[in-house]
Amino acid sequence: MKTKYTIIVLGISLFLILTSCNKLFLGEEIPNRQVENFDQLWQEYDLHYGTFDVKQIDWNEEYAKYRPMIEDSTPDSTLFRVMTKMLDVLNDNHVYLRPIKSSGLPWYSGGILGRQKVTGYDRQVVDNYLETVLKEQYELDFAMIPGNIGFIRLKALDSDYSVYEKIMDEALDKLKDTKGIVIDLRENDGGEDRVSQYIANRFATDSHLSFTVKVRNGPNHADFGKAIEFYTKPEGSFQYTKPVVLLTNLSVYSAGETFVLAMIQNKNVTRVGETTGGALSDAIPRELPNGWLFRVPISDVRDANGANLEEIGIEPNIAVSNTTEELNRGVDKILETAIDLLK
């Protein structure tokens, strides 16, 4: 099912690229003027953003509010300020606006992660709990914690699918005789839903719906393609079915969150830590005539119960937070709680 979804997303992206190319070839390239830059930013979200209705956002009202503030003589600094004020209403961690370097302007990040720095995690503190590091690579690290407890730091979900088949076989083979495994998701930067589902499936014993995805496919805010269903089910050469504790915090979003939704369906999994970031949609990168880059979330993701968790996030089973003072003392209460559960 992810294959169908990937084709849909790639098809949309290809359509957008070809549309832009056709305009260029036909002499219809959008002029690099401030009004056109503002209008294109608004229009791209109007055409592709996936959760206007869920968030009850009147995007036309935002245009009416901010468009009169822009003229072709408007300086870049003012254009940036007005654009980001308009994007603030989306409150979306996937949203960004990146002016070109020569503008001297900062990069804008939307959502709670753009407003709030995550301070309750320190990799060096976590590493002090590890007894033996068995492997470190871009996608994930795996190690042993004293007491015969396995540890996986799942860092990225954006490599080729086959990479995860190989490394999960290796990691789970090395950790198969442990009492349980801690999966630390707290520095995961997202990636592909198909990958997140596959990794969750390596811990499954039976089949359950994990989440659904619908992608915007028309000009109206309620225009979506058919819902694509993802299932948590046994996959791979073997599955690890002993206890697993999944660690989360605010910085977990995107495919990291769909991984959590998939892992929820596994009866051997307990979630410990903080609520996730609340930004589950896939997103496409775009560019304005002035060279500024931005990103548009394009889908409506629902959990197994049909709830959209944008701006809400996924709560843990056991809520635990770390203070800066505790981390400075070398204490990670979230990880310690997980270890206690697996002793």
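## A buried charged pair

Asp-184 counts as buried because its relative accessibility is 0%; buried means under 20% relative accessible area, exposed over 50%, and partly exposed in between, with a 1.4 Å probe and protein chains only. The side chain of Asp-184 meets that of Arg-186 in a salt bridge, at 2.8 Å from N to O. A salt bridge is defined as a side-chain nitrogen of Lys or Arg within 4 Å of a carboxyl oxygen of Asp or Glu. Arg-186 is also buried, because its relative accessible area is 2%.

This is a predicted model, in which local features need pLDDT of at least 70 and side-chain atom pairs count only at pLDDT 80 or more, while totals for chains, interfaces and linings use all residues. Residues are numbered from 1 along each chain as its sequence is written, and side-chain values use heavy atoms, leaving out hydrogens and water.

## Salt bridges and their network

The count of salt bridges comes to 21. In one of them, Asp-141 pairs with Lys-155, and the closest N and O atoms are 2.9 Å apart. This pair links distant parts of the chain: Asp-141 belongs to strand S4 (residues 140–145), whereas Lys-155, 14 residues apart from it, lies in the loop between strand S5 (149–154) and H8. Helices (H or I, at least four residues) and strands (E, at least two) are DSSP runs, numbered from the N terminus. Asp-141 and Lys-155 are both buried.

A salt bridge also joins the side chains of Glu-187 and Arg-153, at 3.9 Å from N to O. Glu-187 is in the loop between strand S6 (180–184) and helix H9 (193–201), and Arg-153 is in strand S5, 34 residues apart. Glu-187 is partly exposed, because its relative accessible area is 26%, whereas Arg-153 counts as buried at 1% relative accessibility. Arg-123, Asp-127, Asp-141, Arg-153, Lys-155 and Glu-187 are linked in a network of salt bridges.

## The nonpolar cores

A nonpolar core is a set of buried Ala, Val, Leu, Ile, Met, Phe, Trp, Tyr and Cys residues joined through side-chain atoms within 4.5 Å. The largest one has 69 residues, and those with the most contacts inside it are Tyr-45, Ile-183, Ile-199 and Phe-203. Helix H8 gives the most to this core, with seven residues. Apart from it lies another core of 20 residues, among them Val-125, Val-126, Tyr-129 and Ile-339.

## Helices H8 and H9

Lys-166 lies in helix H8 (residues 161–175) and counts as exposed because its relative accessibility is 63%. Helix H9 is largely enclosed by the rest of the structure, because eight of its nine residues are buried. Among these buried residues of H9 are Asp-193, Gln-197 and Ile-199. Ile-199 touches Leu-154, Leu-157, Tyr-164, Met-168 and Phe-259, not counting residues up to four places away in sequence; contact means heavy atoms within 4.5 Å.

## A buried arginine without a salt bridge

Arg-271 is found in strand S10 (residues 269–273). Arg-271 is buried yet has no salt bridge, and the nearest side chain of opposite charge, that of Glu-315, is 7.3 Å away. For charge, Lys and Arg count as positive and Asp and Glu as negative, while His and the chain ends are not counted.

The backbone oxygen of Glu-315, however, lies 2.2 Å from a polar atom of the Arg-271 side chain. Setting aside residues up to four places away in sequence, Arg-271 touches several residues, including Leu-246, Val-260, Ile-264 and Pro-316.

Definitions and conventions
A polar contact is a pair of N or O atoms within 3.5 Å; within protein, one must be able to donate a hydrogen and the other to accept it, and residues adjacent in sequence count only if both atoms are side-chain atoms.
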